[in-house]
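Please look through the sequence and the model shown below before reading on. The report that follows takes up a few places in turn.

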Amino acid sequence: MIGYGRNNFTWNGSLRELGGSCPVFCAERRRTSMTAITSSCSGLEVLLSTLQNAGDVESTLNVLKVLDELLSAGTDRRFHYMISKGGSEALLTALVKFGRSFSPNYTVLLPLLQLLAKVGYRDCRIGMKAEEAGAVLLTLNLLRHNVKDDMRAAACLWAIQVFSSSVSTANLIGENHGLDVIFSLIPHYTTKHLHTIKAAIHAFSALLGTKANVRSVVSKGYISGLLQLYKDWHSKDTQHVATAICHVLLCCLHKLTHITAGRQAFITEGGLALLYQTTQTCLLSKCLESLVEPSMQLMRKCLPRTPLPLPSDLSAYTFPLPGKSNGMADVDAALDESGKDSDEDDENNQNTDSRDYDEDLETDLNKLLSRPDPDRPKYLLPYYSFLCPELSHDFQELDLSSESEESSSSSSLLYEEDMLLHSLLSSRSRRRSSNSSTSSLSSHTDTAASRTYTDTSQIEACDVDSQSSALSTSPSIRTMVRAATDKDGSPGQRKHGQDDEVEGPEEESHYSTTIDRLLEKHGPRILHHEPKLYCSTATKTKSIPGFNVLAFPDFWGHLPPPGCEPMPPRKANIQRQKVFQDIQRFLNLADLINEVVFDLEDSSVESRCDSLKFFSKFECGNLRKAVQVRRYEYDLILNADANCSQHTQWFYFEVSNMVADTPYRFNVINCEKSNSQFNYGMQPVLYSVKEALEGRPHWVRAGTEICYFRNHFCPVRGRQRATFYTLTFTVSFKHTEDVCYLAYHYPYTYSALQVHLKVLQQSVDPATTYFRQQNLCGSLAGNMCPVVTITAYPAKKAWKDMHQLRNRPCILLTGRVHPGESNASWVMKGTLEFLCSNDPVAQSLREAFIFKIIPMLNPDGVINGMNRCDLNGKDLNRQWCKPDPILSPTIYHTKGFLYYLNSIGRTPLIFCDYHGHSRKKNVFLYGCSVKETLWQSGSTVDTVGLKEDPGYRTLAKILDRIAPSFSINSCNYLVEKSRSATARVVVWREIGVLRSYTMESTYNGCDQGIYKGLQTGTREMQEMGAKFCHSLLSLIKDTKAVYSTRLIKHVEFDHASHNCFEDDEPPCVEEIEYSTNCCALKDTDLDSEVDTAIAD
Ligand SMILES: [Zn+2]
């Protein structure tokens, strides 16, 4: 039998069995030693039954003692075993039995309540069980009768704390004024009865788990009382013995501020100032460190919601849409859509866990395998035959066997820029051949010289000077440029400089000649870029506001900086410091300037003479408003996508009037994404005009003290639940009075693309390369959408050669459907340049394939500095299922072209849409696979009989070996329902392109391979574009086209495969959100609380 006395109880057997009675061990043991188990199980059951039934004090005490020792000697498993055997119910029954007595016996009740607290702490159903047993109000009554008795009150409070884990139980206690009783037990600072005080605060905090209790407590004005308590305990507890009490007080405040009234009360009762001040003290002492984070979170959460200082949430840019009566996009519809909007690139927001993701996978086999009917009648397709000029081209030049230019004979579009370009190129080559005299040439003679070298009168019509003056750079640049010429100009130029005071047409023309001179003297020699051609091209670019100013970097050009740019490590507690400064805005109003210094919609705004000057009214520019907050701090507000009220992320603006070596803090306050690579080593990019004029025309990664966190701003109206995030960074400029540009990422304008294509066309060797640029269609704003065809010129006009040409498989590449993803354009630039190069691999690819490239699917979005949409306010990469011919013309016609290729039996071998990814590092591919989608979703569909060509994986495997930025581990081939209208999925499903991809490039850098820890630059992006082409070599064999093993050797296998499985970004060291459920405030261990209280 089992003895109840400590000394004669058979511990060992019972302990072992209890310890081993978790389900894992049980089954086996049950079979092998049935008898032992039966006896020990029944041993516990006997104990519990004794507890429930024995009326006498002595046996109850004995059982409690045994149980307590049994449980405290082991792990949590014993508790759970006991709970599973009805332990909680037994204790509750005993409690009710002894507690109901007219004069309760506390000799039994005390250990009973203590054990109940420990067991209940682990029993998630303890609240319900206590209610059923009638123990809840009984315990509250016991507490009422014992408020003066320390130990008894504590025991009741522990029980109440654990009972309150159930909402209904907590509400029951609240309704019976339990909160008032308990709150009255929390005194001001004292060194006595700390255990009881702690127990009271914990119980109070536990009761605040329900909305009803929170409302009741807030309405009774307890926040003021709690703040007073916190202040008192915090200030008087100089020995830091009661830090835990302060902690729980903060936890109570956190719970009370879940509701609006709570946050308001916190502010009106001076909570912000109090916590700000106490937190300053906490920072001085290591012991109080644990109070800092909860205090910060509490303050952030309670900062009054402040609407953005804007007239409207709608974009400053609106565009009248065809067919819309009010000329505006349906704003509400756009808003509705936003809720579920997330990107191909983008990364479901954080709250989407993997389970949700799996649910998003397409598991309908019919949808995965069947091909939908075309979205348009067949007779519309032949229209697109014009986009395959190489198929009908007669290559007559081959007969003439001369080097006459293909472009001049076939191009139907003769642009004056072509002429200009021609003249520039010829004058440049002339200059290069006689560069000794170059520097002494004045711009006038140079222009004259260039005229001499051109042979037609048409050049006169596009005089270089008049072209460059048609679009000028911004006023601050003019000043700078003047300064630069004055500094190193000849005496004659200085004389001109003196006349500069007078603004007017003369000044204008003088300015353009100055630019010419500067270009001549300092102009960078950037491959495939022509500043003057850029000017003349940009004049034709159609923007909503009618831009008439060029951003200097786009005009002048950019060269990748010589060194590499590592991701800077995050400074410890950087977010904390920034948030402190933000809180100060509410406390030290006298320090604030709060003056608007730039407003896109109000040109009358003048900045103070000692403030920075901002400007963004140029192609790709995005900055809507700048507010000087303090002497060296500015809030920046980004412009929403045109005809729309959201999608802020991309920025690009000019800043001037700075003082060198002074840290300026910039806060972009209306970011929308819930996290950003800016928290993981990414920096914005900076371009200095002074540096450029000194021969360093580089966009460089810049900015320190960078972090990204949720802020207190909210939209002007509507979407009240929407929140914004702050991207903050600090820049110390190198030069005083410089003109600089800051951007989210390396800008790449629509005009830059056009110039690039023109220069590229001129650069190809027409004897080997067929290069043809055409217009797919006009955009909504009337900009053309270029389509480029690149393939090899046939060697001879023999039937065999022509047959080979006309049977080359097609590869279709597209990009920049999302205008904020400028990285996609840089990768595309690399692809285009490589394909046009003399590299033998490129030559081989041209001989094997016909490349059809649509480098910018969303010209209007790019031009107007938008981030996500087109002028229709829609994400174009969600329009592929049924693109509207009027509202989404580029998508409609790209898809039409694909249908056409399909109809003539020339379905592309590869389709790849270039994107940028804002949340991940590296470059990677998304593709489509039926089998992988079904496997991943855990679908029960039998995939054994399903045949799928595994070729969709080849490119990624090759890229992983040859492209340093590429990471195969980030690739996937899943078909998601939410992506069913994206290019990748539609081209795969409707056009039947097996290898249909999205290529995602990071904005930040790599966490693997030889670029590990480095931020990516334009050089690396262009390299990626070239490596993508290299990987296409692998297909040549497949297609049984021209193939040479020699060429494979040419591909450098420049780094080892990096098959390391690294997790996606680890959590940020600081909480970006503040709405988290006071996670910094973990309850203390109730066991030790109870035990130490008893021991004392
Ligand atoms: Zn994208």
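## A residue in a loop

Where does Cys620 lie? Cys620 is found in the loop between strand S6 (613-615) and strand S7 (625-630), where strands (E, at least two residues) and helices (H or I, at least four) are DSSP runs numbered from the N terminus. The phi of Cys620 is near 70°, a positive value in a residue other than glycine. Most residues other than glycine have a negative phi. With a relative accessible area of 2%, Cys620 is buried, a word that stands for under 20% relative accessible area, while exposed stands for over 50% and partly exposed for what lies in between (1.4 Å probe, protein chains only).

His177 also has a positive phi, near 65°, and is found in the loop between helix H11 (167-175) and helix H12 (178-183). At 48% relative accessibility, His177 counts as partly exposed.

## How the model is read

This is a predicted model, in which local features need pLDDT of at least 70 and side-chain atom pairs count only at pLDDT 80 or more, whereas totals for chains, interfaces and linings use all residues. Residues are numbered from 1 along each chain as its sequence is written, and side-chain values use heavy atoms, with hydrogens and water left out.

## The whole protein

The protein contains 48 helices and 24 strands, and buried residues make up 59% of its 1096 residues. Of the contacts (heavy atoms within 4.5 Å) between residues at least 6 apart in sequence, 80% join residues at least 24 apart.

Helix H7 (residues 106-122) and helix H48 (residues 1086-1095) pack at an angle of about 170°, with their axes 9 Å apart; axes are lines fitted to C-alpha atoms over the stretch in contact, and angles run from 0 to 180 degrees between N-to-C directions. That angle makes H7 roughly antiparallel to H48, a description used for angles over 145 degrees. Among the residues that meet are Gln114 and Tyr121 in H7, and Val1090 and Ile1094 in H48.

Notes
Angles under 35 degrees count as roughly parallel, over 145 as roughly antiparallel, 65 to 115 as roughly perpendicular and the rest as oblique.
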